[in-house]
Amino acid sequence: MINDLLQRTKTCVSFEVSPPKTEEEFQAVFQKLDTMAALAPDFISTTYGAGGSRAGKTIEIASYIQQKLHIDAVAHMTCVGFKKEDLKNNCELLAKEGITHVMALRGDRPQAMSDEQYNSREFFYATDMIRYLKANTSLQLAGACYPEKHYEAESFESDLMHLKEKVDAGASFLITQLFFSNDLFYRFRERAEKAGITVPICAGIMPITSAKQIGTSVTLSGSSIPKELADLIANHGEDKEDMRKAGIEYAIRQIQDLKAHGVDGIHIYTMNRPKTTAEIMAQI
């Protein structure tokens, strides 16, 4: 169980992968997973397509991780992708594949989803899904958290209050949204503990290997850019290879500092790039 891994004194290290959009890319993801498995992560999570569009693919990848690679798999599930009956059926599929961990997320609204569909969904928030899964399955549940607060939250305090509700509903460990300032993570961790949130927290780290990537990441996550990273992009952003090297080194420094400060876990957003992931793992 992942909870047992996170209770160790040694920092847990895990990866996140995503189902590719095309069938050709999808077939190649298994070879990438083989390469990543050789790096010996403690667990691997696999994300979910918008609105459940890649539901079967998520389960297929999670099954490969669990059954073929013998690494604990965490399958993402989103509120916008499921009605209760659909969720029940998918949980039965997970059970058949020996997958015991799920990360429950609200998920982003798909562009094709109408207002009527969106407003009539059966799970409005991740906490609703966690509460349902806790009551109706034996799954181990993970939740997301935001070191700089969720971009829709009224305040940092209200975001922590909702996070506490998520944990009380049954989330037994948390994985943060990506962040680039460790000081913000340490502030979040301290305030979460004061709010009574005592479950393990894995720090989400994404290596920025291109200047274009930072714009996309910030837009999706709401993460702020510290001066050190902004300067790095200004100095190396025009040179593809220099930027890649500098971005990897920045992620390594982040992780080494987090480990020195006793973080429960490091969760690397791999972007399905085994070479980059291997370079980071070699240094941490």
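Two strands count as a pair if DSSP finds at least two bridges between them. Keep that in mind for these close-ups, which come from a predicted model.

**View 1. Strands E2 and E3 sit side by side in parallel.** Strand E2 covers residues 43-46 and strand E3 covers residues 72-78, and four bridges join them. Look for Ser45: its bridge partner in E3 is Val74. Zoom out and you'll find a closed barrel of eight strands, running from E1 through to E8 with parallel pairing. From one strand to the next, the twist averages 30°.

**View 2. Helix H6 lies across E3, E4, E5 and E6.** This helix spans residues 126-136, and it runs at about 150° to E4 (101-105).

**View 3. Arg8 and Asp42 meet in a salt bridge.** Their side chains come to 3.3 Å, N to O. Arg8 is in the loop between helix H1 and strand E1, while Asp42 is in the loop between helix H2 and E2, 34 residues apart. Arg8 is partly exposed at 33% relative accessibility, but Asp42 is buried at 19%.

**View 4. Lys57 forms a salt bridge with Glu23.** Here the closest N and O atoms are 3.1 Å apart. Lys57 belongs to helix H3 and Glu23 to helix H2, so the pair ties together parts 34 residues apart in sequence. Lys57 is buried, at 18% relative accessible area, whereas Glu23 is partly exposed, at 43%.

**View 5. Glu241, Arg244 and Glu279 form one salt-bridge network.** Glu241 and Arg244 meet at 3.9 Å, N to O. They're three residues apart in helix H11, so about one helical turn separates them. Arg244 counts as buried, at 16% relative accessibility.

Notes
Residues numbered from 1 in each chain as written. Predicted model: local features only at pLDDT ≥ 70, side-chain atom pairs only at ≥ 80, totals over all residues. Heavy atoms only, no water. Helix = DSSP H or I, 4+ residues; strand = E, 2+ residues; numbered from the N terminus. Axes fitted to C-alpha atoms, helices over the stretch in contact; angles between N-to-C directions. Contact = heavy atoms within 4.5 Å. Salt bridge = Lys/Arg side-chain N within 4 Å of Asp/Glu carboxyl O. Buried < 20%, exposed > 50% of the residue type's maximum accessible area, 1.4 Å probe, protein only.
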